Protein chains: 2
Amino acid sequence: MDDELLAVRVAELAYDEGKTQDEIGALLGISRWKAGRLLAQARELGIVRIEIVHPRARRLRLEREICERFGLAAAVVVPAPEGLELERVAQAAADLLTSLRPVPRTLAVSWGRTLAAVADALPDGWTRGITVVQTNGGVTTNRRSGTAASIAVTMAQRGHGQAVLLPSPAILERVETKQAIEADRIVAGVLEQAARAHTYLFTAGACDARSAHVENGYLTADDIAELARRGAVGDVLGRYIDADGNIVNPELDARTVGIGLAALRSADRAIYVTAGAAKHDIARTVVTTGLCTMTVMDESTARKLLEES
Amino acid sequence: MDDELLAVRVAELAYDEGKTQDEIGALLGISRWKAGRLLAQARELGIVRIEIVHPRARRLRLEREICERFGLAAAVVVPAPEGLELERVAQAAADLLTSLRPVPRTLAVSWGRTLAAVADALPDGWTRGITVVQTNGGVTTNRRSGTAASIAVTMAQRGHGQAVLLPSPAILERVETKQAIEADRIVAGVLEQAARAHTYLFTAGACDARSAHVENGYLTADDIAELARRGAVGDVLGRYIDADGNIVNPELDARTVGIGLAALRSADRAIYVTAGAAKHDIARTVVTTGLCTMTVMDESTARKLLEES
DNA sequence: GCCATTGATGCTCATATGAGCAGAACCGTG
DNA sequence: CACGGTTCTGCTCATATGAGCATCAATGGC
């Protein structure tokens with residue numbers, strides 16, 4: 001009987017039958033040390049496959065690699081069956097938020113389907129006395145997942161705290177209007193509070209016509225196509241950037257209400273949440289250009305990011 | 001954080017990261033005993049799934065259950081992906097033959113696709129000085145897998161021994177011819193040798209028109225249908241039996257050349273090999289009516305046999 | 001409010017395990 | 001056949017682990 005076959009038998013007796021290496025040795029007529037060595041070999045050769053099967057399972061190895069490669073403080077990578085990426089990632093993000101130490105007192109959030117799911121996954125009482133402040137102009141009617149305001153409000157309610165909303169459109173038609181709005185005492189106050197936040201939680205949008213910007217009429221499909229042509233890979237806090245993290249269209253950017261990307265880059269804690277293959281490109285930009293210090297993503301995104309050297 | 005989630009984290013650290021329970025305790029802020037207990041819980045709850053992935057893997061638990069339920073000396077149950085049952089079972093049977101103790105000096109074999117596969121899976125030098133003797137009338141032209149003779153010959157060659165073939169058709173048209181053939185000195189000698197064998201290796205055929213009996217013209221599809229109508233579930237050594245193991249058609253049986261089923265029932269070692277769902281019924285009969293002392297089967301057959309009380 | 005019951009927790013201790021090491025067996029080479 | 005190198009084997013010993021037990025906290029009945 002060759003060694004590999006023996007290793008299979010040892011693995012079966014050890015894992016399926018719960019025998020000790022002593023017993024296995026006696027049973028198979030080998031020394032207990034040989035049994036132990038064969039078992040180690042079986043594990044190395046992949047004969048023994050150990051899997052953690054649970055909706056909240058994580059991929060610690062990938063997390064470590066992502067952290068190292070992109071110099072992040074923390075990464076959460078969750079395995080997800082096709083189609084359930086958003087749900088699993090949102091759950092993981094909620095878990096991460098709940099376990100953040102030190103506990104955030106002010107949390108600045110953007111909006112999007114993903115964050116809506118995160119808000120939904122947060123349990124009541126996930127923290128106490130949180131202040132949730134919006135980072136950028138609100139989308140008032142996102143049919144798919146409620147308004148941007150509801151994200152902040154839900155997070156605040158469940159965290160037994162208050163929401164500070166940014167009463168402004170996401171993008172204005174004229175620069176002057178945008179400047180006027182930002183000069184408004186209320187708006188300026190919110191923006192200042194957002195800029196001072198200790199913890200940011202945000203997602204990014206891909207540069208395609210399914211974006212919430214298009215859906216809400218701030219941009220047209222043509223605008224998006226033009227942005228893409230100029231090299232945009234997606235938007236962060238409503239600001240379209242190219243693969244290197246630079247603003248693609250400064251004129252458009254000047255009409256966009258909300259804190260700038262610099263606030264993210266200098267933040268103590270900026271948590272980037274992403275799910276789904278559509279966002280692989282923008283995800284790469286976010287992690288490589290220092291926009292976040294932590295990330296929560298699905299396994300396929302993580303693998304994609306680690307793929308190239 | 002609830003206990004189940006904690007158990008998932010513990011399991012990940014233990015199995016994916018190879019941490020000790022001590023380290024896990026420190027990492028998660030729990031005592032090392034709690035970590036150990038959560039790990040045990042994770043295993044019980046099925047959060048940790050351990051699988052032996054190998055073409056020669058076996059199902060020891062099922063083997064034990066089959067042995068106990070049907071009072072067998074040994075059982076080998078192998079997991080098999082759809083369609084590969086025959087291959088996996090044949091390999092396992094070959095492994096079993098090779099490891100039999102005491103080493104068989106005379107091995108009596110029947111024929112069939114399954115046994116052809118077993119012969120094929122035997123490595124050269126699987127034993128030394130074996131005598132392989134046929135138990136029942138030979139099928140001379142089995143298109144699918146070579147002749148019955150080749151099974152015995154292959155086994156004998158690879159076991160560095162000799163084959164003793166039964167030079168006779170499986171079923172004769174007239175009882176008188178059958179009696180005459182069995183009276184022949186050579187044939188009688190072979191049958192006597194077969195009846196004295198210490199170890200038997202056989203398969204059973206289902207009672208359907210794809211049987212080798214039909215393929216070789218010994219029986220017609222109508223004959224099979226009639227046998228089925230009379231309660232036959234399949235054949236063992238060419239003899240058709242009902243669910244209780246009784247000969248269905250004594251007249252046909254009297255025209256069938258080969259040792260009787262009594263030889264199997266009184267054998268020291270009778271190894272029954274079966275693969276595939278088509279043979280579930282006849283398999284049940286073989287194991288419940290004492291025709292074998294050992295068996296090699298695929299997982300689905302084993303589960304089927306254990307299913308009903 | 002009191003006590004019994006149940007379940008969780010942290011401990012002791014015997015046992016199982018893996019790392020490291022020394023000697024044996026095996027290999028091809030000269 | 002002798003030799004050096006390599007792999008294998010069985011061992012010692014430190015460490016990791018699980019069973020069993022005492023204690024503690026929570027729960028619920030009275």
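The following dialogue asks how some terms apply to this predicted model.

Mentor: Residues are numbered from 1 along each chain as its sequence is written, and chains are lettered from A and ligands numbered from 1 in the order in which they are written. The model is predicted: local features need pLDDT of at least 70, side-chain atom pairs count only at pLDDT 80 or more, and totals for chains, interfaces and linings use all residues.

Trainee: Which residues are around DNA strand C?

Mentor: They are A:Thr20, A:Gln21, A:Asp22, A:Gly36, A:Leu39, B:Ser31, B:Trp33 and B:Lys34. A residue counts as near a strand if its C-beta atom, placed from the backbone, lies within 6 Å of it. Two or more residues come from each of helix 2 (21–28) and helix 3 (32–44) of chain A and helix 3 (32–44) of chain B. Helices here are DSSP runs (H or I, at least four residues), strands are runs of E (at least two), and both are numbered from the N terminus.

Trainee: How many residues of that surface are nonpolar, polar and charged?

Mentor: Two are nonpolar, four polar and two charged. Ala, Val, Leu, Ile, Met, Phe, Trp, Tyr, Cys and Pro count as nonpolar, Asp, Glu, Lys and Arg as charged, and the others, Gly among them, as polar.

Trainee: How many residues of chain B are in contact with chain A?

Mentor: 21 residues of chain B are in contact with 21 residues of chain A; contact requires C-beta atoms, placed from the backbone, within 7 Å. Helix 1 of chain B gives the largest share of its side, six residues. That side divides into eleven nonpolar, two polar and eight charged residues.

Trainee: What makes strand 1 of chain A and strand 1 of chain B a pair?

Mentor: Pairing needs at least two bridges found by DSSP. Five bridges join these strands, which run antiparallel, so they meet the definition. A:Glu51 stands opposite B:Arg49.

Trainee: Which strands of chain A form the open sheet of three strands?

Mentor: Its order is 7-8-9, with antiparallel pairing. Strands of a sheet pair through backbone hydrogen bonds, either parallel or antiparallel.

Trainee: Why are strand 7 and strand 9 of chain A called edge strands?

Mentor: Each pairs on one side only. Strand 7 and strand 8 of chain A share three bridges, one of which partners A:Ala206 with A:Gly234.

Trainee: What packs on the sheet?

Mentor: Helix 14 (residues 280–288) of chain A does, touching strand 7, strand 8 and strand 9 of chain A. Its direction makes about 65 degrees with that of strand 8; axes are lines fitted to C-alpha atoms, for helices over the stretch in contact, and angles run from 0 to 180 degrees between N-to-C directions.

Methods
Contact = placed C-beta atoms within 7 Å.
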